[in-house]
Every structure is written in C-alpha cells, then in structure tokens.
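Student: I'd like a close look at one part of this model, with the cut-offs spelled out. Could you walk me through it?

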Amino acid sequence: NEDDLPSAFTESVLQAANSKQNITQMTKAREAKVVEFTTARQVAMAQANVTIAKAYGQRHRILQNGRADAAIIEAYVEAERQAYEEIHKTMGLAGDDLIKYIWYDTLGGGGVSSTGSAGGDVQMMV
C-alpha cells in the first residue's frame, strides 16, 4: 500500500533537509574559524612576548658591554694618569713641557698599553 505524497510536499521536505544540512555545515565552519583565529591570536601574543624578551636581552647586553668598556677605559686612563704623574714628579716636567712629553710619548707608542720590552706594566719615553 504505497501512498504517494504530492511532489510539492516531497520537494519542500528535501529542501528543508538540504537547508538544515547547509546550516549545520556553516555553523561547523564558523566554529572551526573561531578556533583557528583564537589559536593565531595566541601564537601572535607568544611571538610578541618572545620579541620583547629578546629586546630586553639585547638591551642588557649592550649596557653590560658599555659598562665593561667604560671600566677598561677608566682603568687605562687612571694608569696613564698615575704614570704621567710619576714622570711629572721624577723629571720635573709641568705645563707645556709635560703636554709635549705626553704627545711625543703617544706618538712613540709608549703608555700603559704598550708592549715594549721594559719589563713592567708601563712603558714611558725617557
């Protein structure tokens, strides 16, 4: 005993089922995009934090290198000052004569950082 339904009714039922399937498919696609975008945002935030941490590390490295360079320069300048003070006392040089001595000593490669064969830490022109 087959009952045939009107074709308009059958088409309406099929269209409703098709629409429901499309709605379900679009809802799932939207949910997937929400997850995708949330993940992308979390990754971007993590990368931003890494960039900030890297910048802080570089900042500290630069500051430490600057402080180390300043300490080395300060040590050399103090050693040179003490050496030229000793020259001032020992040789009695002062004013322009001491400045000329320092100038010629510098041109001659003397000073604290010199690697002369004087045997000490400081080589001065005498």
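Student: Is Glu78 buried, partly exposed or exposed, and what is its relative accessible area?

Tutor: Glu78 is partly exposed, with a relative accessible area of 32%; on this scale buried means under 20%, exposed over 50% and partly exposed in between, using a 1.4 Å probe and protein chains only. A word on the ground rules: this is a predicted model, where local features need pLDDT of at least 70 and side-chain atom pairs count only at pLDDT 80 or more, while totals for chains, interfaces and linings use all residues. Residues are numbered from 1 along each chain as its sequence is written, and side-chain values use heavy atoms, leaving out hydrogens and water.

Now, who does Glu78 pair with? Its side chain meets that of Arg81 in a salt bridge, 2.7 Å from N to O; the rule is a side-chain nitrogen of Lys or Arg within 4 Å of a carboxyl oxygen of Asp or Glu. Glu78 and Arg81 sit three residues apart in helix α1, so about one helical turn separates them. Helices here are DSSP runs (H or I, at least four residues), strands are E runs of at least two, and both are numbered from the N terminus. Arg81 is partly exposed too, at 43%.

Arg81 also forms a salt bridge with Glu85, with the closest N and O atoms 2.7 Å apart. Those two are four residues apart in helix α1, again about one helical turn, and Glu85 is partly exposed at 31%. Salt bridges that share partners link Glu78, Arg81, Glu85 and Lys89 into one network.

Asp105 is buried yet has no salt bridge, and the nearest side chain of opposite charge, Arg81, is 15 Å away; Lys and Arg count as positive, Asp and Glu as negative, with His and the chain ends not counted. What the Asp105 side chain does have is a polar contact with the side chain of Tyr84, at 2.6 Å. That term means N or O atoms within 3.5 Å; within protein, one must be able to donate a hydrogen and the other to accept it, and residues adjacent in sequence count only if both atoms are side-chain atoms.
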